[in-house]
Amino acid sequence: MSQAAAAACCPLCGGPSRELLERSGDVRVERCAQCDVAYVTPPPPMAALREHYDEGYYAEWITRQALARRRLWRRRLRMIRSLRPNG
């Protein structure tokens, strides 16, 4: 698949249909019409991501929000369990 063709597809499900949510220059935020995920296209270079999301980026989330994260995942797990068939 060419780079242009890959950019025209959802990075999660590969769906070709999308909705433009926001645009800034050549960068767009789009939402997939099939799976509803929102994504940036074209994706930023890995070097830019590494610079922005350095080791300290998640420090507060890891330490101060541990209890809130546990509660969040417990709620999500209960919801998933409620959706599975019995047995």
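Predicted model: local features only at pLDDT ≥ 70, side-chain atom pairs only at ≥ 80, totals over all residues.
Tyr53, Tyr57, Tyr58, Trp61 and Ile62 together make a nonpolar surface patch of about 530 Å². Within this group, Tyr57 sits in the loop that runs between α2 (46–52) and α3 (59–63).

Two aromatic pairs are present in the structure. In one of them, the ring centres of Tyr53 and Tyr57 are 4.6 Å apart and the planes stand at 80°, so this pair is edge-to-face. Tyr57 also pairs with Tyr58, again edge-to-face, with 4.8 Å from centre to centre and 80° between the planes. Through these ring pairs, Tyr53, Tyr57 and Tyr58 are linked into a cluster. As for accessibility, Tyr53 is partly exposed because its relative accessible area is 38%. Tyr57 likewise counts as partly exposed, at 40% relative accessibility, and Tyr58 does so at 43%.

Turning to the strand, Leu20 belongs to β1, which covers residues 18–24. With a relative accessible area of 46%, Leu20 is partly exposed. Beyond its neighbours within four places in sequence, Leu20 is in contact with Arg28, Val29 and Glu30. Arg31 is 11 residues from Leu20 in sequence, and the C-alpha atoms of the two are 6.5 Å apart in space.

Methods:
Residues numbered from 1 in each chain as written. Heavy atoms only, no water. Patch = residues over 30% accessible without salt bridge, like charges linked within 9 Å, V, L, I, M, F, W, Y side chains within 5 Å. Areas by Shrake-Rupley, 256 points an atom, 1.4 Å probe, with all protein chains shown as cover. Salt bridge = Lys/Arg side-chain N within 4 Å of Asp/Glu carboxyl O. Helix = DSSP H or I, 4+ residues; strand = E, 2+ residues; numbered from the N terminus. Buried < 20%, exposed > 50% of the residue type's maximum accessible area, 1.4 Å probe, protein only. Contact = heavy atoms within 4.5 Å. Phe/Tyr/Trp six-rings, centres within 6.5 Å; stacked < 30°, edge-to-face > 60°.
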